[in-house]
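Thanks for coming, everyone. Let me put the chain up on the screen, and then we will walk through it.

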Amino acid sequence: MSEQTKTICPYCGVGCGIAVTEDMRFAPWGDAPVNNGRICIKGGAAMEVVEHEDRLKTPQIRGEDGELHEATWDEAYDRVVSEMERIRDEHGPDAVGFFGCSKSMNEENYLLQKLARRYGTNNVDNCTRMCHASTVYALRRSLGAGAMTNSMQDLMESADVLWIQGANPAEQHPIANSVYFRQAVLDGATVIQVDPHANKTTRSFDIEGTERHQHLQVEPGTDIPLLNVVIKTVLENDWVDEEFVAERTDGIEDLAETLEDFDKEAAAETCGVPLEDIERAAEAYATAENAAIFTGMGMSQHTCGVDNVQNEINLALITGNLGRPGTGVNPLRGQNNVQGTCDVGAMPNTLPGYQNVEDDELRAAVEEVWGFEVPPEAGLTNVEISRAAGDTIHGLYVMGENPIMSEPDANRVAERLADLEFVVVQDIFPTDTVAYADVVLPATSWAERGGTVANTDRRVQLMRGIDKVYEDTKDDLEILAEIGTRLFGDGTFDFDGPEAVFEELRQVCPIYYGMTYELLGTEGLHWPCLELGDEGDPYLYESAFTTPDGLGHIEGVRHQPPKEVPDEEYPLILTTARLIEHYNTGTMSRRSPTLNRQHPENFVDVHPKDAERYDIADGETVTLRSRRGEIEVQVQVTDDIKEGTVWTTPHFAASSANRLTNDVLDERAKIPEYKAAAVAIEPSGGE
Ligand code: SF4
């Protein structure tokens with residue numbers, strides 16, 4: 001048998017272990033800690049992109065003719081360094097933005113944020129801003145840590161009710177759904193799913209012999225009133241865990257006051273769900289021995305994203321469903337290392353370990369290890385950086401991101417990026433953003449390098465690399481270290497591989513301090529690991545929350561409709577989501593023959609009554625138009641979606657949902673409202 005390298009799947013946050021053979025093929029890793037050898041379609045096809053002919057294979061520099069030309073690494077580094085120095089001299093360090101990559105390793109994102117801060121700016125962010133920034137904000141503020149409170153394993157073994165809101169794990173976290181959640185249901189757990197769209201998750205719980213699944217099909221953007229009906233039902237029926245609330249929380253008076261005049265019947269009507277169905281779900285959750293909440297981007301990607309998640313926290317706190325196995329509030333993280341990218345400080349407001357960059361004492365401790373000063377004020381988020389492009393932002397360093405497709409109102413993003421003086425793109429494929437790059441740096445892929453990643457349940461695992469496929473590519477880590485060395489020449493980027501970077505990371509990231517590569521081994525560790533030998537915490541908050549006062553924070557919230565609601569001109573509400581076979585902007589998945597074959601083109605789900613109203617037939621091509629742009633897509637007529645709502649995806653460049661979405665932000669977390677925009681639909685070629 002040929003030798004196999006054990007590593008971690010590069011797609012979703014479940015963190016499944018997979019193996020790569022010497023001849024560059026996928027192989028199952030039979031006793032991998034998260035998935036025990038099981039794998040979804042994406043994980044099984046992950047190797048298809050590693051040797052792909054589209055890979056960026058050599059550095060490129062844009063010439064005076066406006067075209068990208070092949071260059072040596074020395075020439076590319078020289079151009080990056082000279083332009084970054086020029087921009088800093090002319091406009092100051094805050095004139096450059098840095099985008100981290102949630103598919104890159106912890107060590108690489110750690111170096112990227114260190115590069116930004118050594119350069120003199122906190123303008124560094126990553127795609128968590130697009131997916132769970134609001135979740136992280138609410139969890140950190142009200143419980144202490146911006147991450148899953150529990151682990152997949154304890155949830156499967158102990159949860160009696162799984163409350164899944166705004167998440168579609170059967171498509172986005174397939175192994176979590178098929179292994180952990182379905183097993184819990186087979187063992188007797190009940191599933192309450194809250195989602196405007198009936199989907200693969202809905203169908204996955206239609207298990208013969210069980211009738212423990214309830215789908216509350218809400219109108220988009222009505223999660224707060226739905227949860228307020230649930231919470232008021234809990235209060236009315238004395239299902240509050242009085243002892244837990246008294247000893248471990250504050251703020252229940254505020255919640256009660258918020259709901260004093262709350263009209264459950266009117267709210268249920270707003271949600272489009274019968275009141276008795278919501279009350280039945282409330283009873284199931286509140287009277288279960290252990291009930292767990294899973295929260296997804298249907299909750300977070302709203303201008304009220306922080307309040308959406310706060311209301312889930314409210315429900316968990318008043319019923320005492322935190323601090324033990326089978327409970328908690330659990331964000332299902334999207335990318336394989338989006339959790340880790342945040343953990344290591346690739347965010348404008350936090351240093352490694354979620355330490356507030358504006359806290360003088362915390363910043364000083366990090367500065368002492370780094371040997372340079374860090375700017376004392378939080379920087380810009382990635383949407384703010386894009387919005388300021390061509391104005392106060394003059395340069396952009398993009399590692400493995402594709403903002404031209406991933407950000408909302410994508411047409412405007414493209415216009416603004418064209419106004420930048422200098423753009424570096426470091427990636428494995430020529431993404432749409434490469435068209436705006438002045439220098440392109442070809443990186444090795446996920447399979448060709450080692451380092452660590454943190455999955456959705458805070459498990460930090462080692463990835464191991466095979467030999468690189470294309471000679472002139474380099475690991476992200478090597479590229480960043482070289483640029484840091486050439487820019488600063490002071491030894492602050494002098495590292496001999498990822499383990500040396502991890503050793504420095506431990507010193508500035510308290511939740512990782514107790515980990516070493518040796519201790520991570522093949523099982524990994526769930527952070528926090530505060531001391532060497534600490535075995536980590538599969539579930540958090542057993543005796544206290546990690547908020548400043550140790551209490552869980554309850555706060556009543558009120559309904560806030562999406563910023564754009566249907567009107568005469570744009571009479572439908574567009575909501576967006578992803579498919580199991582594709583991944584975000586499709587950089588990898590659309591180049592994977594196995595995955596692309598399933599869904600080579602975009603489509604839009606339309607309810608039969610809307611199809612009739614707008615004279616649209618199943619399979620017909622339509623124009624979908626918002627105030628920001630239009631796309632052409634094929635129609636899928638289905639009652640999976642509610643009347644008045646349409647649903648499409650961001651995976652396909654020309655017909656991406658993000659040409660339509662609204663870039664309005666949640667004020668606190670700065671996450672865009674991807675989940676609700678007003679649109680019109682008409683047969684293509686029609687008036
Ligand atoms: Fe990869 Fe996620 Fe599928 Fe596991 S569930 S194989 S991590 S995409």
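Which residue stands opposite V460 in β21? It is L525. A word on the model before we go on. This is a predicted model, where local features need pLDDT of at least 70, side-chain atom pairs count only at pLDDT 80 or more, and totals for chains, interfaces and linings use all residues. Residues are numbered from 1 along each chain as its sequence is written.

Back to that pair. Strand β20, residues 459-463, pairs with β21 in the antiparallel sense over 2 bridges. Two strands pair if DSSP finds at least two bridges between them. Helices (H or I, at least four residues) and strands (E, at least two) are DSSP runs, numbered from the N terminus. In general, strands of a sheet pair through backbone hydrogen bonds, either parallel or antiparallel.

The whole sheet is open, with 3 strands in the order β19-β20-β21 and antiparallel pairing. Its edge strands are β19 (451-454) and β21 (525-526), and each pairs on one side only.

Stay in this region. R458 sits in the loop between β19 and β20. Its phi is near 70°, a positive value in a residue other than glycine. Is R458 buried or exposed? R458 counts as buried because 29 other C-beta atoms lie within 10 Å. The cut-offs: 20 or more other C-beta atoms within 10 Å is buried, 12 or fewer is exposed, in between is partly exposed, with C-beta atoms placed from the backbone.

Next, P528. The peptide bond from W527 to P528 is cis, with omega near 10°. P528 lies in the loop between β21 and β22 (552-553).

D409 also has a positive phi, near 50°, and is not a glycine. D409 is in the loop between α20 (403-406) and α21 (410-417). It has 25 C-beta neighbours inside 10 Å, so D409 is buried.

Strand β6 (96-99) and strand β16 (395-399) pair in the parallel sense over 4 bridges. There, G97 stands opposite L396 in β16.

On to domains. The bounds come from an automatic or database domain assignment. Domain 1 is 60-130 + 336-509, domain 2 is 149-331, and domain 3 is 572-683. The centres of domain 2 and domain 3, over C-alpha atoms, are 26 Å apart. Between them, 22 residues of domain 2 are in contact with 22 of domain 3. Contact means C-beta atoms, placed from the backbone, within 7 Å. On the domain 2 side, α7 (169-172), α15 (297-300) and α16 (305-318) each give two or more residues.

What about the interior? The largest nonpolar core holds 181 residues. Such a core is a set of buried Ala, Val, Leu, Ile, Met, Phe, Trp, Tyr and Cys residues joined through C-beta atoms within 7 Å. L162, W163, L226, V230, Y285 and V423 touch the most other members. L226 touches V194, L216, V218, C271, V273 and I278, leaving aside residues up to four places away in sequence. A second, separate core has 24 residues, including L624, I641, W647 and A676.

Last, the ligand. There are 14 residues around the ligand, and C9, C12, C16, C40 and G43 come nearest. Near means a C-beta atom, placed from the backbone, within 6 Å. Helices α1 (41-45) and α8 (174-186) give two or more residues to that shell.

Terms used
Contact = placed C-beta atoms within 7 Å.
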